[in-house]
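Here are my notes for a colleague new to this entry. Please read them alongside the display.

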Amino acid sequence: MIIAHITDFHVGRIIETSGSPVDLHGKMVNAIAHLRRLKPQPDLIMLTGDLSNHGNEADYIRVRQALQTLDMPVYIIPGNHDRRAILRRVFPDHIYWTDDKFLHYTIEKYPLRIIALDTLLEGAHEGMMDEERLEWLEARLSEDGRKTAVFMHHPPFQTGLYYPDRIMCRNGDAFGNVIARHSHIQAIICGHTHRDVVTFWRGVPAYVTASATFTNGLILYPVDDVDPLFEPPTCRLFVWENERLTSHLSFIDEYPYGLSEGVPKPPENEG
Ligand SMILES: [Fe+2]
Ligand SMILES: [Fe+2]
């Protein structure tokens, strides 16, 4: 089983650069084309929020049109730039959104169970796991002891990246207490920081996947804001095999150099 994790398109944002402006819609189209080229094709896509930059219908429609070129199911959760009501309107066929209030759900049909959380606090950039959402999570984790991956937009832990740490998921301690009670959780997988991070938190491996359209700098000191960068964008492939989850970074775009050299021979041992 292969899960492709992709996040933070921010379609609708146009970034001024020293050259010509970069429309993130084009970057999103590249990222989807990359997913289409993957061999083997992932079984499913987890798209963990900030689909659009402004949460408006026209940009969601552009994301929807690009996603429709994929052959595998795509599961969406919201980020701080998203709006639940407009997501529901533009993606009415995403029938796994069965909760009236939150866009959280479980995916049961694969060997690895998936719990997708809704950390959106509308009107804020920080995320939230309040008591209501924690109760829902506790119930989902208690009802089934199968191995499980948890996806969410906002990391509930500090990453050391100064700027996103200021707008992380609130109530992280209480969330961590729920996580620590359930030893069948294989990973917590987030977006939101626009940089790749891997850590170990409350007994669980934790991954933050960078944005598929633009990055933020590696800023480990206090700043008020961050400027976007165009480092190579990535998504992540999670392979679930033999009851073990393995993460691979997958670089979006073409990197054609070095193709003529072939496989180098190992050095011969002397004497
Ligand atoms: Fe984002
Ligand atoms: Fe975000």
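1. Is His10 buried or exposed? His10 is buried, with 24 other C-beta atoms within 10 Å. Buried means 20 or more such atoms within 10 Å, exposed 12 or fewer, partly exposed in between, with C-beta atoms placed from the backbone.

2. This is a predicted model: local features need pLDDT of at least 70, side-chain atom pairs count only at pLDDT 80 or more, and totals for chains, interfaces and linings use all residues. Residues are numbered from 1 along each chain as its sequence is written, with chains lettered from A and ligands numbered from 1 in written order.

3. His10 sits in the loop between β1 (2-6) and β2 (14-15). Helices (H or I, at least four residues) and strands (E, at least two) are DSSP runs, numbered from the N terminus. Its phi is positive, about 55°, although His10 is not a glycine. Most residues other than glycine have a negative phi.

4. Asn171 also has a positive phi, near 70°. Its loop runs between β10 (169-170) and α6 (172-180). Asn171 counts as partly exposed, with 16 C-beta neighbours inside 10 Å.

5. Lys39 and Pro40 are joined by a cis peptide bond, with omega about -5°. Pro40 lies in the loop between α1 and β4 (44-47).

6. Helix α2 (residues 57-67) buries Asp59, Tyr60 and Val63. They fall within an arc of 100° seen down the axis (taken from the directions from the helix axis to the C-beta atoms), so they line one face. Ala58 and Gln65, on the other side of α2, are exposed.
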